[in-house]
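These are my notebook entries on one structure, written down in the order in which I looked things up.

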Amino acid sequence: MESIMFRIMNLKELHLLQDEMESIEDLAEREERVRLLEKVMECITDYDVHVREYAFKQNVKELLERGIVLEQVDREEIVRNWDTMFGSLVSEDLKSLNGYKDQFRWHVFSYELLSAIKGDEAKNRFDEIDKNELYIFFDYADEAYVVKNAHLITSKDIERLEENCPLDYKDIYFFDPKSKWTYIIPHEVYIGPFFCDIQ
């Protein structure tokens, strides 16, 4: 979903308006215009966040109505298992040499420290793979879930969720520890998604 701000505001004109405000000699008037414009921008941002959160909730509701079940689980354990299964396949020396340390987990694939299929091929693989139960976690949200009836979820469903999800829920990791695969949607839309199967 395109940002509401981009839809209702002409950013080129906004920059011209800001330049115009900077040229106002009356400091009090300049500060008042800046204050009012910031108030307008804050309202537009609030509206944009509200619309996206509503769309996200509707997407989740639709998935639940189709029979997908989400149960919250211990995030630390799931992330530790993912790190053990995938992160441990790359030596600490190689991670350090490539600048991977303290980066998003998915950089193990974007830096090609571990091979994965990308883009449409990764989406197709996620849709085709046998999946009944899998885990989902995020880089910044403190939550993790077991997804039951996971065969009902598609890469298109995930794209719709990711498009509207709050920032903490970007960088989505799907993980099947039994079948040893992961599907990742990075927050940077031009990178990924990634699918890695280590069987």
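**Entry 1: the largest pocket**

I began with the lining of the largest pocket, and I found that α3 (27-65), β3, β4 and β5 each supply at least two residues to it. I note here that the model is predicted. Among these contributors, α3 gives the most to the lining, with 3 residues. I looked up the volume next, and about 290 Å³ of space lies in this largest pocket. The lining is made up of 16 residues, and those closest to the centre of the pocket are Phe56, Val60, Leu70, Ile136 and Phe138. When I sorted the lining by class, I counted 15 nonpolar residues, no polar ones and 1 charged one.

Which helix gives the most to the lining of the second largest pocket? I found that it is α8, with 4 residues. The volume of this second largest pocket is about 210 Å³. Its lining includes Glu159, Arg160, Glu162 and Glu163, and I also found Lys123, Ile185, Pro186 and Gly192 among the lining residues. By class, I noted 5 nonpolar residues, 1 polar residue and 6 charged residues in the lining of this second largest pocket.

**Entry 2: the sheet**

I then turned to the strands, having noted that the protein chain holds 8 helices and 7 strands. An open sheet of 7 strands has the order β1-β4-β3-β5-β6-β7-β2, and the pairing in it is antiparallel. At the edges of the sheet I found β1 (69-73) and β2 (117-118), each of which pairs on one side only. Helix α4 (residues 75-85) packs on the sheet, where it touches β1, β3 (133-138), β4 (144-148), β5 and β6, and its direction makes about 100 degrees with that of β3.

Going through the pairs, I saw that β3 and β4 are antiparallel and are paired over 5 bridges, and that a hairpin of 5 residues joins β3 to β4.

**Entry 3: helix α8 and its neighbours**

Helix α8 (residues 155-164) lies across β5 and β6, and I noted that it runs at about 40 degrees to β6. For its packing with another helix I first recalled that two packed helices are described by the angle between their axes and the distance between the axes. In this model, helix α7 (residues 119-128) and α8 pack at an angle of about 120 degrees, with their axes 9 Å apart. The residues that meet are Lys123, Phe126 and Asp127 in α7 and Ser155, Ile158 and Glu159 in α8, and by class this contact has 2 nonpolar, 1 polar and 3 charged residues.

**Entry 4: two residues of α3**

Is asparagine 59 buried or exposed? Asparagine 59 sits in helix α3, and it counts as buried because its relative accessibility is 12%, which lies under the cut-off of 20%. Leaving out residues up to four places away in sequence, I found that asparagine 59 touches Arg160, Leu161 and Asn164.

Lysine 57 is also found in helix α3, but this residue is exposed, because its relative accessible area is 56% and the cut-off for exposed is over 50%. From lysine 57 to leucine 161 I noted 104 residues in sequence, yet 8.7 Å in space, C-alpha to C-alpha.

**Entry 5: the whole chain**

Last, I looked up totals for the protein chain, which has 199 residues, of which 39% count as buried. Of the contacts with a separation of 6 or more, 66% come from residues 24 or more positions apart.

Terms used. Residues numbered from 1 in each chain as written. Predicted model: local features only at pLDDT ≥ 70, side-chain atom pairs only at ≥ 80, totals over all residues. Heavy atoms only, no water. Pairing = 2+ DSSP bridges. Contact = heavy atoms within 4.5 Å. Axes fitted to C-alpha atoms, helices over the stretch in contact; angles between N-to-C directions. 1 Å grid on protein atoms, 1.4 Å probe; cavity = no way out; pocket = protein on both sides within 12 Å on 5 of 7 lines; lining within 4 Å. Points joined across faces, edges and corners; volume = space filled by probe spheres on them. Nonpolar A, V, L, I, M, F, W, Y, C, P; charged D, E, K, R; others polar. Buried < 20%, exposed > 50% of the residue type's maximum accessible area, 1.4 Å probe, protein only.
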